[in-house]
Amino acid sequence: MYLQSPDFKRPTHYREAWWEEETKEFVLHYGKVGEIGTTKVESVSKPNEAETLLSSFLEQCQNDSYVDVDQIVQENCTVTIKQKGQDPTSVEFTNAEKFLQEYTALLAWRGIGAVQDWQAVPGQGKFVFEVRSVHRNKAMKLASQAIQKTDIRADRLSMEGR
C-alpha cells in the first residue's frame, strides 16, 4: 500500500503486511519510499487471527489514505548484464541469480518495486531483468548497488528506463 499526496508526483510512504504460516509470524513493514523500512513481527498462531490482523491493516491503510500498488502509476525499466560470450556459463548464471536475489531485496525493503521477470537471452550474450517501480531512478540506482554483491564487473551493467 502506498501513500501518494496530490502535492507529489510519486508516493512518499509505503506499508505492507503478511502472515508467515510456517513461522506463525505476522509481519508489518513500513517506511518512506526509497529508505529501509521498519519491520515489526508478532507471533500469531491461528490463521483466523492473522486474517483479522490483515483486515485491520487494510482498513487502517484505507483510513490513512493509502492505496493499493495497482492504483499507483508505476514505471518500467530494464536492467541488462552483459555476458562474456553468446551464452551464459554456469558461473555467470549463478552470479545473475545472486544479482536477482540482492536486487529484489533492495527494491522490496525500500518500497521501490519488484523484478517482474528475468531471463538469459540465448545467443545475445546478456541477462535481462524487467522491473516495475514507483520510482525508476531509485530502482536503477539500486541495481548498481546489487551488482557489487556479485562477481560481475560493474561495467557489464546497463539500465534503460521506458
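Where is I72 found? I72 sits in the loop between β5 (66-67) and β6 (75-82). Helices (H or I, at least four residues) and strands (E, at least two) are DSSP runs, numbered from the N terminus. The model is predicted: local features need pLDDT of at least 70, side-chain atom pairs count only at pLDDT 80 or more, and totals for chains, interfaces and linings use all residues. Residues are numbered from 1 along each chain as its sequence is written, and side-chain values use heavy atoms, with hydrogens and water left out.

Start with the whole chain. Its secondary structure comes to 3 helices and 9 strands. From the N terminus on, the order is β-β-β-β-α-β-β-α-β-β-α-β. The C-alpha trace spans about 55 × 40 × 25 Å along its principal axes. Of the 162 residues, 36% count as buried. Buried means under 20% relative accessible area, exposed means over 50%, and partly exposed lies in between (1.4 Å probe, protein chains only). Contact means heavy atoms within 4.5 Å. Among contacts with a separation of 6 or more, 60% come from residues 24 or more positions apart.

Back to I72. This residue counts as buried because its relative accessible area is 7%. Not counting residues up to four places away in sequence, I72 touches Y2, Q4, P11, V67 and V134. I72 and M1 are 71 residues apart in sequence, yet their C-alpha atoms are 9.2 Å apart in space.

Now turn to H29. H29 belongs to strand β3 (residues 25-32). Is H29 buried or exposed? H29 counts as buried, because its relative accessibility is 0%. Its side chain makes a polar contact with the side chain of Y14, at 3.3 Å. A polar contact is a pair of N or O atoms within 3.5 Å; within protein, one must be able to donate a hydrogen and the other to accept it, and residues adjacent in sequence count only if both atoms are side-chain atoms. A polar atom of the H29 side chain also lies 3.5 Å from the backbone oxygen of W109. Leaving aside neighbours within four places in sequence, the contacts of H29 are Y14, R15, E16, W18, G37, T38, T39, A108 and W109.

E35 counts as partly exposed, because its relative accessibility is 43%. Beyond residues up to four places away in sequence, E35 touches Y14, W109 and R110.

Next comes G111, in the loop between α2 and β7. G111 is buried, because its relative accessible area is 7%. Leaving aside neighbours within four places in sequence, G111 is in contact with Y2, Y14, V33 and V134. G111 and T80 are 31 residues apart along the chain, and their C-alpha atoms are separated by 22 Å.

The elements that give two or more residues to the lining are β2 (13-20), α2 (90-108) and β7 (113-121). The largest share, 4 residues, comes from β2. About 240 Å³ of space lies in the pocket. On a 1 Å grid over the protein atoms alone, a pocket is an open set of points where a 1.4 Å probe fits, with protein on both sides within 12 Å along at least five of seven lines; lining residues have an atom within 4 Å of a point. Grid points are joined across faces, edges and corners, and the volume is the space filled by probe spheres set on the points.

Aromatic rings come next. The structure holds 7 aromatic pairs. Rings of Phe, Tyr and Trp (its six-membered ring) pair if their centres lie within 6.5 Å. Ring pairs link F93, F99, Y103, W118, F127 and F129 into a cluster. Elsewhere, R15 lies over the face of Y66, at 4.0 Å from the ring centre. A charge sits over a ring if NZ of Lys or CZ of Arg is within 6 Å of the ring centre and within 35 degrees of the ring normal.

Finally, look at the backbone. Most residues other than glycine have a negative phi. K24, in the loop between β2 and β3, has a positive phi of about 60°. S65, in the loop between α1 (47-63) and β5, has a positive phi near 70°. K24 is partly exposed, because its relative accessible area is 32%. S65 is partly exposed, because its relative accessibility is 49%.

Technical notes:
Phe/Tyr/Trp six-rings, centres within 6.5 Å; stacked < 30°, edge-to-face > 60°.
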